[in-house]
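Student: Please take a close look at a single part of this structure. Then lead me from there to the parts around it and on to the rest.

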Amino acid sequence: LPLLLEATLLQLASGSHHPFYNGFYYNHIMNDKGKGQEKVVYFNGAKLVVETPKDPVYSSNGANVTLPCHYHYEPDLEAKRKIRIKWSKLRDDYTKEQDVLVAIGKTYMAFGDFRGRAHLRQAGQREASLVISDVRLQDDGKYRCEVIDGLEDESDVVDLQLQGMVFPYQPPHGQYRLNFHEAERVCQEQGAVLATFNQLFQAWSEGLDWCNAGWLADGTVQYPIRLPRKPCGGLHLAPGIRSYGPRHRHLHRFDAFCFCSTLRGEVFYLDRPAGMTLEEAKQSCQDAGAEIARVGQLYSAWKFLGLDRCDAGWLADGSVRYPITKPRANCGPAEPGVRSFGFPSKGRFGVFCYKER
């Protein structure tokens, strides 16, 4: 108690701001003895150290993943201690962190979308690793592992990256018609989520070149350019990600960059000699025990399952597309990709269906 009181008085007298991480957990006390040197005093006599992997942890949609986190003391403390562990997810727009899980001993509680999917793996001594089952697209991101021992509070960050791909999306009514919230919704409707900057950067490094600006998950608007040209920022600029910065989430309108991951099922093609209308296509998929595929599902099947079909087919959003992994005559450009016929109001085509395994 006298030590706490001394620390509080020193704080008030100096006006300085030392790290009080949770508003009431003191990490350490800095005692200035007037000789230009600071002495760190730990309440339990040992330094608490939290360690997580520096490299990203990779996973995929529907998988189970473990985010490693361990802690120890310097010097080591042999006595068994009552530790509180907290996991949180850092948001892309740097707003308040999302609570994932808190635990004391073997008692824990998960929050929000992580309820029923997250628990601690405490197989080893002083382990605080987080296990997430049935990984979802929105789980991609950075997670903070925080270990609290009485008045000591230390943390480190784990980067979870999902294997997936980014695709640009325009709605049926044309270019630059989506505000941020509408962009979030259309990506979800197509079996995807709004892409993060890191996901867009990865797609750019793999060859994505797209001259239309689109929303990202952090509320910024950007677009990837591999071949500089006059309509896309000018010839004088180097290749890279062009940015409009943060935009007004209700008033400003752009396209969207969506992110999809691996599939839990399969995409297959159905056709009739005379083709089908959109409504007939939906019914054909239902008759086959499936549903009409979404845009994100077609991209995933093309990217991760090598789907190659030189026949145009309906998708759930009313667009007509086809995937090409091996470019050839009469199947579009010389590069692999998902070709689009747009959103025809008339016409008869085949259909791409999706069925869960």
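Tutor: Glu279 and Lys282 both belong to helix 4 (residues 278-287), where three residues, about one turn of the helix, separate them. Helices (H or I, at least four residues) and strands (E, at least two) are DSSP runs, numbered from the N terminus. Residues are numbered from 1 along each chain as its sequence is written. The model is predicted, so local features need pLDDT of at least 70 and side-chain atom pairs count only at pLDDT 80 or more, while totals for chains, interfaces and linings use all residues, and side-chain values use heavy atoms, with hydrogens and water left out.

The side chains of Glu279 and Lys282 form a salt bridge, with 3.7 Å from N to O. A salt bridge here is a side-chain nitrogen of Lys or Arg within 4 Å of a carboxyl oxygen of Asp or Glu. An α-helix has 3.6 residues a turn, so residues three or four places apart point the same way. Glu279 counts as exposed because its relative accessibility is 55%; Lys282, at 27%, counts as partly exposed. Buried means under 20% relative accessible area, exposed over 50%, and partly exposed in between (1.4 Å probe, protein chains only).

Helix 4 also has buried residues: Ala281, Ser284 and Cys285. These three lie on the same side of helix 4, because they cover an arc of only 100° around the axis. The arc is that of the directions from the helix axis to the C-beta atoms. Exposed residues on the other side of helix 4 are Glu279, Gln286 and Asp287. Contact means heavy atoms within 4.5 Å. After helix 4 comes Gly289, with a positive phi near 75°.

Eight of the 11 residues of helix 5 are buried, so helix 5 is largely enclosed by the rest of the structure. Among those buried residues are Val295, Leu298, Tyr299 and Trp302. A glycine with positive phi follows here too: Gly306, near 70°.

Two bridges join strand 22 to strand 23, and the two run antiparallel. Two strands pair if DSSP finds at least two bridges between them. Gly313 stands opposite Arg321 of strand 23. The hairpin made by strands 22 and 23 has five residues between the strands, and in it Gly318 has a positive phi near 90°. Five of the five residues of strand 23 (residues 320-324) are buried, so strand 23 is largely enclosed by the rest of the structure. On one side of strand 23 the buried residues are Val320, Tyr322 and Ile324, and on the other Arg321 and Pro323. Strand 23 is also joined to strand 24 (residues 337-340) by four bridges, again antiparallel, and Ile324 has Gly337 of strand 24 as its bridge partner.

Elsewhere in the chain, six strands form an open sheet in the order 4-13-12-7-8-9, with mixed pairing. Strand 4 (57-59) and strand 9 (107-110) are at the edges with a single partner strand each, so one side of each has no neighbour in the sheet. From one strand to the next the twist averages 20°; axes are lines fitted to C-alpha atoms, for helices over the stretch in contact, and angles run from 0 to 180 degrees between N-to-C directions. Strand 8 (residues 98-104) and strand 9 run antiparallel, joined by four bridges.

A salt bridge also joins the side chains of Lys142 and Asp159, at 3.9 Å from N to O. This pair links distant parts of the chain, with Lys142 in strand 12 (residues 141-149) and Asp159 in strand 13 (residues 152-162), 17 residues apart. In all, the structure holds 17 salt bridges.

The largest nonpolar core has 88 residues, and Tyr143, Val267 and Phe352 are among those with the most contacts inside it. Such a core is a set of buried Ala, Val, Leu, Ile, Met, Phe, Trp, Tyr and Cys residues joined through side-chain atoms within 4.5 Å. Not counting residues up to four places away in sequence, Tyr143 touches several residues, including Leu67, Trp87, Leu130 and Val158.
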